[in-house]
Amino acid sequence: MAEGKQPSVSGKAPGNATRSGGFWHATCAGLIAGISFSLLLVLLEMAFLTVLWWGSVIAPQPLAETRMFNFLTELYAALRNTAGPAWMPAPLSSAYGPDLFDSLFLGRDLVLVTLPVGALVGIVAGWLVALAGRPCTARRVLGMLAVFGFATELIGWIASVQLPVRYSFSSVVTLAVRNFIWDGTLASCFVLALCATLCFAASIRLRLEDDSRRRSSALFLVCALTWGVSAAVSEVPRGHASQPPSKAHTQPLDPNLSRPNVLLISIDSLRADRLGCYGNPRDTSPRIDALARRGVLFTNAWSTTSWTLPAHVSLLSGRSLLGHGVREARRIPASVPMLAEVMRGIGYQTAAFVSAPWLSSRFGFDRGFDLYDDFSVPFTPDRESRMRAQATLSAPLLAPAIEKWLRQTAKPPFFLFLHYFDVHYDYSPPAPYDSMFDPSYDGSITGRRFHADPRIRPGMPRRDLDHLLALYDGEIRFTDDHIGRVLDIMQELGFLESTFIVLTADHGDEFFEHGGKGHHRTLYEEVLRVPLILNWPGRLAEGSRVEDPVSIVDALPTILAALGQAPPKGTEGISLIPAATGRGPLPPRTLVSELYVKQNINLQVAVRKGDRKLIQSLNFPRQEFYDLASDPGETQPEEGAGSLALARDLGQWMRETWSRREQLGADLGEVFLDPGRMQALRALGYVE
């Protein structure tokens, strides 16, 4: 073939150079195919995601860990995590959306991580074709890229399917289909198929010089220039930084105050609306109501999630889930200061008495405590079965240990953390609490085997559901009485008048308000709205109610402000002391609650600003926007500009918070759960 003659990329009449199989020719053909393929893939992917996720926020890839993005980004991430140099940009490590401006940044980051890998994979594919002795054309390399891409996507999808402990053929198929759709594989395969189709159509109509040094060199320079420009603008800021809280909400109350004792009480699974002080007509909480009457009640307190482990890390660290890094069963990072560590560091005696497997010391909750009692309520298989058979026994098991510590060990100033598990399902309070609020019930619902009982389901008879709520209320009253006994002992010992009390919960439970039961699955108000009561005799605006939305991350800075201490660096909450003392309203801010469960198949984030609330899935573009003032039950999702504004707030918060992740990564470690604890968690519905 004469020099300059353009060979057909279809392979019908290749020249001697094409048939030679030389590695230089294979490199040129692979480079042309790889760069062309990856550039088109980026363009199609950016357009597809922009249209599909318009108005929504796309989570950073390392957070969502879905297969939404193309297979080349997966390869890039694998290369960077194994042997990549420090200068390699983190792959798609930002939040994107909800408008066109952010889509441009998505395209920039896709170019950064896709172009170099596409070029490399294309060259390797060209070499493989040459080694096989086949004519090395760009079209043939494109075919290999497409096949390799689909194989990578499907293998990754199969590997990501989460198998239940007890599985059947139907359950495996259901989980596989759910992973394929929800985990982004379907979207990624669609874009890959479209890219391959367009590439093949173009390769048939165009004549590419597979062995042209000039053309391949020019394409390489274009690729390098595109990548360089993308890298150069990778630090361009987006949006505006969040406004920091005013000094009144970060400064300590008075450094010269005498230091009170601190009692922090967390009641597992307690939703606010089942307490008398929050509107329940039943007498479920006389002692808690008395604390509220003599203290300050926050009517709109939010948890950071809807399950126990990360919520309590937030309570005791003042950080969101992304802020402290414990999204799953992970140990608390050593780089995250915990409340007890700060308290002991300023001279407080510290003790905790807990009663749930998720608060085990193996997760790191014992840091800073002189005594961390997670053994008075052992969660072995035998104990777990007895607890379920005999009724809720955790509070009676803790009571003597708490009393002994108060009478024999406590020396002011002290910090005492109490966690009560009894309100958590199963709902089986002991007599007389089992019939206290529904004595006339003659049905068969007992509240035991809450997750496994097929009769406890959406659409169950209203009379049976009412009895289930009565059992839940009975457990609240049972817990309330035990809290009252602790307060009586402290009163007897002369501790109570000099004690700052904070009472709250980690999350609530849902009773089919939105079709589900229990918790750990949604971010509706029934699982997020928790009680928050401050009580400090003579120091607070007694009997007041604060309507401003607050979060459990505010507990740590509030406690430290009461002691004249500033919160540790990285704390996301604010002090509620100014509002509790009547010195002014809280600053407007955006509250966030997060849920990352089921091996990343159920990823949700809820944001609230005032009465406006947005719940967004991070697996697929689904949003629910509510005005809680007019629709407190979240029954009528709205549409409009309000959801876009909250989505922008969510994107900005996620970018700012995720940017601190490198401070935590090396400290995060998976916690091994022995068979006994796994059985206990399975009985509680946390493990399938």
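This is a predicted model: local features need pLDDT of at least 70, side-chain atom pairs count only at pLDDT 80 or more; totals for chains, interfaces and linings use all residues.

Me: What does the secondary structure of the protein come to?

Reply: You get 21 helices and 17 strands. Both are DSSP runs numbered from the N terminus: helices are H or I with at least four residues, strands are E with at least two.

Me: Why is Ser188 called buried?

Reply: Buried means under 20% relative accessible area (exposed is over 50%, partly exposed in between, with a 1.4 Å probe and protein chains only). Ser188 has 4% relative accessibility, so it counts as buried. You'll find Ser188 in helix 8, residues 185-205.

Me: What makes Ser188 and Glu153 a polar contact?

Reply: The rule asks for a pair of N or O atoms within 3.5 Å; within protein, one must be able to donate a hydrogen and the other to accept it, and residues adjacent in sequence count only if both atoms are side-chain atoms. The side chains of Ser188 and Glu153 are joined by a polar contact of 2.6 Å. Contact in general means heavy atoms within 4.5 Å. Leaving aside neighbours within four places in sequence, the contacts of Ser188 include Glu153 and Asn70. Between Ser188 and Asn70, the C-alpha atoms are 5.6 Å apart, though the two are 118 residues apart in sequence.

Me: Is Asp554 buried or exposed?

Reply: Asp554 has 0% relative accessibility, so buried is the word. Asp554 is in the loop between strand 13 (550-551) and helix 18 (555-562). A polar atom of the Asp554 side chain lies 2.9 Å from the backbone nitrogen of Ile574.

Me: Why are helix 6 and helix 7 called oblique?

Reply: Their axes cross at roughly 130 degrees and come within 9 Å. Axes are lines fitted to C-alpha atoms, for helices over the stretch in contact, and angles run from 0 to 180 degrees between N-to-C directions. Under 35 degrees is roughly parallel, over 145 roughly antiparallel, 65 to 115 roughly perpendicular, and the rest oblique. Helix 6 and helix 7 are therefore oblique to each other. Leu154, Trp157 and Ser160 of helix 6 make the contact with Ala176, Asn179 and Phe180 of helix 7.

Key
Residues are numbered from 1 along each chain as its sequence is written. Side-chain values use heavy atoms; hydrogens and water are left out.
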